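Please look through the structure shown below, and then follow the questions and answers about how some of its parts are arranged.

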Amino acid sequence: MNLTIIPGRLSGTVTPPPSKSQAHRLLLCAALAGAGSEIHNLPDSQDIQATRRCMAALIASSGCQTVLDCGESGSTLRFLIPIALVLRGGGLFTGRGRLMERPQQPYFDIFEEKGVRYGQKDGVLTVRGELRPGVYCLPGNVSSQFITGLLYALPLLDGDSEIVLTTRLESSGYVDMTIEALQQFGVKVDWRKERQAFAVLGGQTYLPAEAAVEPDWSQAAFWLTARSLGSDVTAEVSSQASAQGDQVIVSQLAWLKKTGDISIDVSDCPDLLPVLAARAALRQGTAHLTNAARLRLKESDRLSSVTAALTALGADVEEHADSLTIHGKDGLDGGTVDCCNDHRIAMMAAIAATRCKEPVTLIGAECVAKSYPDFWEHYRKLGGVFYEHAGE
């Protein structure tokens, strides 16, 4: 689906979808607890459908030959690999888009040490073996998803384990969200700061619980950025402190309102880089978005795709190995953006379009369904004007 947006300010109130990150975590806890849990306000995005589908298949199966189609969800894939090993001795993992190209080396290093067999061929990752209690060493600067996957699986083993971080933990808010979900379902994990390690008691049982998914701060960020760019938009999100690390968007946008040169480290909030880049492109001064190398391994190479999208609209963006440098302007020209099958590129471009002089055409705008299926409906509700047309 290709869309052309007619530039204009947005106005009104919108409720972002429920947090995808929190929903993944609560769904896994509920599935591992068996019957009796209630999870309210679940989103129906493609990524959440993938987690529900895979957990249902895993629970219904009786062996390691179960095929788990993770769609394009990196969270689903990385969370379920250790869970499948504990519950069924492994599984066959598949996906679409760039998913099966995303690195799993931290798991593979553990598998080599623990004697777990694995192989990847023709887009299928095969994992077979047994996780045993013990010490698991992981880098903290690749993806917190590997830590989360082990935090779900290790409590089910018959002995105690420890996850030792070999580098500084990035995206710590996502691990905090995992631990919060585990606690809601009766599972205890301790952080040992002196060892930079998580202590996990074995022999634990997930207990049924009732929980509700909060509005998603990473999606609210798009509407909050539209407001920062001059639209009269209110995003309905909780005023209370949240375990979602992307709540930091509030302070980051306040920082970007200032003039002059600034630097923002996105290592703890990588999903915010696209929308921060759009805001940085429309201010007085130069912004440096740093420590972003992991974004090259998302649905698209986001350092390249953000640069290409904003440049196509007339922004002044420099791409570096692990950062972006953005020289702000008063406005953007408009143009055509290839969304690169990346939901956050499409939504970033839609918000940038509110400050463009000419129409903005998005190629592949349907990709928002991965995380925010109602995005275009909400955009129109807020007064956004666009029309759909056939691709060339």
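Q: Is the crossing in which α10 passes α11 left-handed or right-handed?
A: This is a predicted model, in which local features need pLDDT of at least 70, side-chain atom pairs count only at pLDDT 80 or more, and totals for chains, interfaces and linings use all residues. Residues are numbered from 1 along each chain as its sequence is written, and side-chain values use heavy atoms, with hydrogens and water left out. A crossing is left-handed if the near helix is turned anticlockwise from the far one by less than a right angle, and right-handed if clockwise. For α10 passing α11, the crossing is right-handed.

Q: How is α10 oriented relative to α11?
A: Helices (H or I, at least four residues) are DSSP runs, numbered from the N terminus, and helix α10 (residues 302-312) packs against helix α11 (residues 343-352) at an angle of about 25°, with the axes 10 Å apart. Axes are lines fitted to C-alpha atoms, for helices over the stretch in contact, and angles run from 0 to 180 degrees between N-to-C directions. Angles under 35 degrees count as roughly parallel, over 145 as roughly antiparallel, 65 to 115 as roughly perpendicular and the rest as oblique. The angle therefore makes α10, relative to α11, roughly parallel.

Q: How are α4 and α5 oriented to each other?
A: The axes of helix α4 (residues 105-114) and helix α5 (residues 144-153) come within 9 Å, and they cross at roughly 45°. The orientation of α4 and α5 to each other is therefore oblique.

Q: Which residues of α5 make the contact with α4?
A: Contact means heavy atoms within 4.5 Å. On the α4 side, the contact is made by Pro-106, Tyr-107 and Ile-110, and on the α5 side by Gln-145, Phe-146, Gly-149 and Leu-150.

Q: Is Ser-75 buried or exposed?
A: Ser-75 lies in helix α3 (residues 74-88), and, not counting residues up to four places away in sequence, Ser-75 touches His-24 and Gln-145. Buried means under 20% relative accessible area, exposed over 50%, and partly exposed in between (1.4 Å probe, protein chains only). Because its relative accessibility is 12%, Ser-75 counts as buried.

Q: How many disulfides does a search of the whole structure find?
A: A disulfide is a pair of cysteine sulfur atoms within 2.5 Å. The sulfur of Cys-70, a residue that counts as buried at 0% relative accessibility, is 4.1 Å from the closest cysteine sulfur, in Cys-54, which is too far for a bond. For the whole structure, the number of disulfides that the search finds is zero.

Definitions and conventions
Helix = DSSP H or I, 4+ residues; strand = E, 2+ residues; numbered from the N terminus.
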